Amino acid sequence: MSSSTTTGTTTATGARTEEAAALIGGARERIDALDDRIIGLVQERMAVSAVIQEARITSGGRRVNLSRETAVLGHYRDALGKSGTALAMTLLELCRGRV
């Protein structure tokens, strides 16, 4: 195999061998599929959150329940560490105010 073929095949992955490039390519396809599932789950979470907010507001309550948000933040922090808190904050932000 010529070095230009090897370089062309591995450049997109940053790998230095064909075997590594194949492994990385397959793993990236799996990550892409996981990302699609995560996006779908986030969209589902947003829809469920909108139902909760609507019920809370309709019953005379507040749109946001801070004690619940604190529990969600703690859950993500406990499971994923400090970065989990940032992830939870992003999810909460995405789910607020959709009503």
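Me: Is Ala 22 buried or exposed?
Reply: Ala 22 is exposed, because its relative accessible area is 54%, and exposed here means over 50%, with buried under 20% and partly exposed in between (1.4 Å probe, protein chains only). The model is predicted, so local features need pLDDT of at least 70 and side-chain atom pairs count only at pLDDT 80 or more, whereas totals for chains, interfaces and linings use all residues. Residues are numbered from 1 along each chain as its sequence is written, and side-chain values use heavy atoms, leaving out hydrogens and water.

Me: Which helix is Ala 22 in?
Reply: Ala 22 belongs to helix α2, where helices (H or I, at least four residues) and strands (E, at least two) are DSSP runs numbered from the N terminus.

Me: And how far is Ala 22 from Thr 10?
Reply: Their C-alpha atoms are 8.6 Å apart, while along the chain Ala 22 and Thr 10 are separated by 12 residues.

Me: Zooming out, how many helices and strands does the chain have?
Reply: The chain has 4 helices and 0 strands, so that, reading from the N terminus, its elements follow the order α-α-α-α. Of the 99 residues in the chain, 18% are buried.

Me: New topic: how much space is in the largest pocket?
Reply: The largest pocket holds about 340 Å³ of space. A pocket is an open set of points on a 1 Å grid with protein on both sides within 12 Å along at least five of seven lines, and lining residues have an atom within 4 Å of a point. Among the 16 residues in the lining of this pocket, Arg 45, Ser 49, Ile 52, Arg 68 and Leu 92 are the closest to its centre.

Me: Which helix gives the most to that lining?
Reply: That is α2, which gives 6 residues to the lining of the largest pocket, and α2 (18-58), α3 (66-80) and α4 (82-95) each contribute at least two. By type, the lining of the largest pocket has 7 nonpolar, 3 polar and 6 charged residues, with Ala, Val, Leu, Ile, Met, Phe, Trp, Tyr, Cys and Pro counted as nonpolar, Asp, Glu, Lys and Arg as charged, and the others as polar.

Me: What lines the second largest pocket, then?
Reply: The second largest pocket, with about 150 Å³ of space, is lined by Ile 38, Leu 41, Val 42, Arg 45, Tyr 76, Leu 87, Thr 90, Leu 91 and Leu 94. Its lining divides into 7 nonpolar residues, 1 polar and 1 charged, and at least two residues come from each of α2 and α4.

Notes
1 Å grid on protein atoms, 1.4 Å probe; cavity = no way out; pocket = protein on both sides within 12 Å on 5 of 7 lines; lining within 4 Å. Points joined across faces, edges and corners; volume = space filled by probe spheres on them.
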